[in-house]
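Hello,

Here is the structure I said I would pass on. My notes on it follow below.

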Amino acid sequence: MQTDTLTLRQPDDWHTHLRDGEMLRAVVGHTARQFARAIVMPNLRPPITTIAAARAYRERIQAAAGDSGFTPLMTAYLTDDIDADEIARGLEQGVFTACKLYPANATTNAEHGVTAIAKIHRVLARMQAIGMPLLVHGEVTDPDVDIFDREAVFIERVLNPLLRDFPALKVVLEHITTDDAVQFVAAAADNVAATITPHHLAISRNALFEGGLRPHLYCLPVLKRERHRLSLRHAATSGNPKFFLGTDTAPHARVGKESACGCAGIFNAPFALESYATVFEQENALPRLEGFASEYGARFYGLPLNTGKVRLRRTAQVVPERIAADSDDLVPFHAGQTLGWRFDGLVED
Ligand code: DOR
Ligand code: ZN
């Protein structure tokens, strides 16, 4: 029997880019409408490396989100010379929830990232001791490594040794894109988990080149071949609590995407839950959506589960080609497509 509505505990987004200024004001409502909490990436210019900067950014996010009840969870951007005491104090004061590791130059605004893991050993030891999660952009930056292999090579060269040195460190391998990552995380101890985006579940690298070059589907880590997508779909819908929701919504103005050197990032916040629900339904796994979207992430982070409920309705809805933002506009994920579900909002008791 087909269900026409789906009621879930309100989900959280364990990986978002909310930007700042006008762009923040344009995008935050899309995340705050669907999610109770979101882990906010610190890759601003300049990056968020201090408690004061994170507090101020959190206030700007809350002001932009209005009275939606949305809670931004802040992260610290690890640099070679980040101060371990500042990070530990930030956790203690309830400002930082986690730290983000960008290998230097791996992606957007990652130029201040870490150049060698040895440089942050002291910080990682401290994080392990205080139970603070490390969120990892898992790609090597060596230009000699093929871009489609950068995640698998990162696991072998960087993550494996890191976990050997810090076996109890809580690690989230963010936005995984390969079967190699799925296998690695599934086999690792319980302190290692992964987030999975809507786009890596919905499309493979073929979509990037369908009928021409599709800049709005370009993100990092780049989409991979079909067999990897199938493995991610299996992991996300399996009910294994190591795999949970993180959209990696990453808005860039249309001019920045439609360019001779386009920015990496897919803006998927407006229809994120609808996109995930479509995948879970196709995999005959709708009953497992709630664990993936609303429970496993919070449990991994040691945070309480949300008590509110949201509803999705089985209704065709056409995703707009553009969404106005800033002085330009944004092209959302699934632009022009028809989705079979619609997010109806919070359910009143
Ligand atoms: O596609 C991406 N966009 N990947 C990242 O890692 C960063 C993000 C961004 O900030 O635009
Ligand atoms: Zn990201």
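The axes of helix 6 (residues 179–187) and helix 8 (residues 226–236) cross at roughly 30 degrees and come within 8 Å. Helix 6 contributes Asp179, Asp180 and Val182 to this contact, while helix 8 contributes Arg227, His228, Ser231, Leu232 and Ala235. Sorted by class, the residues between helix 6 and helix 8 are three nonpolar, two polar and three charged. Please keep in mind that this is a predicted model.

In soluble globular proteins, nonpolar side chains tend to be buried together. The largest nonpolar core here has 77 residues, and Leu78 and Leu134 touch the most other members. The element that gives the most to this core is helix 5 (residues 150–165), with seven residues.

What does Leu134 touch, leaving aside neighbours within four places in sequence? Its contacts are Leu78, Cys99, Leu101, Leu124, Met127, Leu162, Leu169, Lys170, Val171 and Val172. There is also a second, separate core of 16 residues, which includes Ile39, Val172, Tyr296 and Phe300.

The last item is Ala269, found in the loop between helix 9 (254–257) and helix 10 (272–282). Is Ala269 buried or exposed? Ala269 counts as buried because its relative accessibility is 2%, and buried means under 20%. Not counting residues up to four places away in sequence, Ala269 touches His30, Thr31, Gln34 and Thr249. Gly291 lies 22 residues from Ala269 along the chain, and their C-alpha atoms are separated by 19 Å.

Regards

How values were computed: Residues are numbered from 1 along each chain as its sequence is written. Chains are lettered from A and ligands numbered from 1 in the order in which they are written. This is a predicted model: local features need pLDDT of at least 70, side-chain atom pairs count only at pLDDT 80 or more; totals for chains, interfaces and linings use all residues. Side-chain values use heavy atoms; hydrogens and water are left out. A nonpolar core is a set of buried Ala, Val, Leu, Ile, Met, Phe, Trp, Tyr and Cys residues joined through side-chain atoms within 4.5 Å. Buried means under 20% relative accessible area, exposed over 50%, partly exposed in between (1.4 Å probe, protein chains only). Helices (H or I, at least four residues) and strands (E, at least two) are DSSP runs, numbered from the N terminus. Contact means heavy atoms within 4.5 Å. Axes are lines fitted to C-alpha atoms, for helices over the stretch in contact, and angles run from 0 to 180 degrees between N-to-C directions. Ala, Val, Leu, Ile, Met, Phe, Trp, Tyr, Cys and Pro count as nonpolar, Asp, Glu, Lys and Arg as charged, and the others, Gly among them, as polar.
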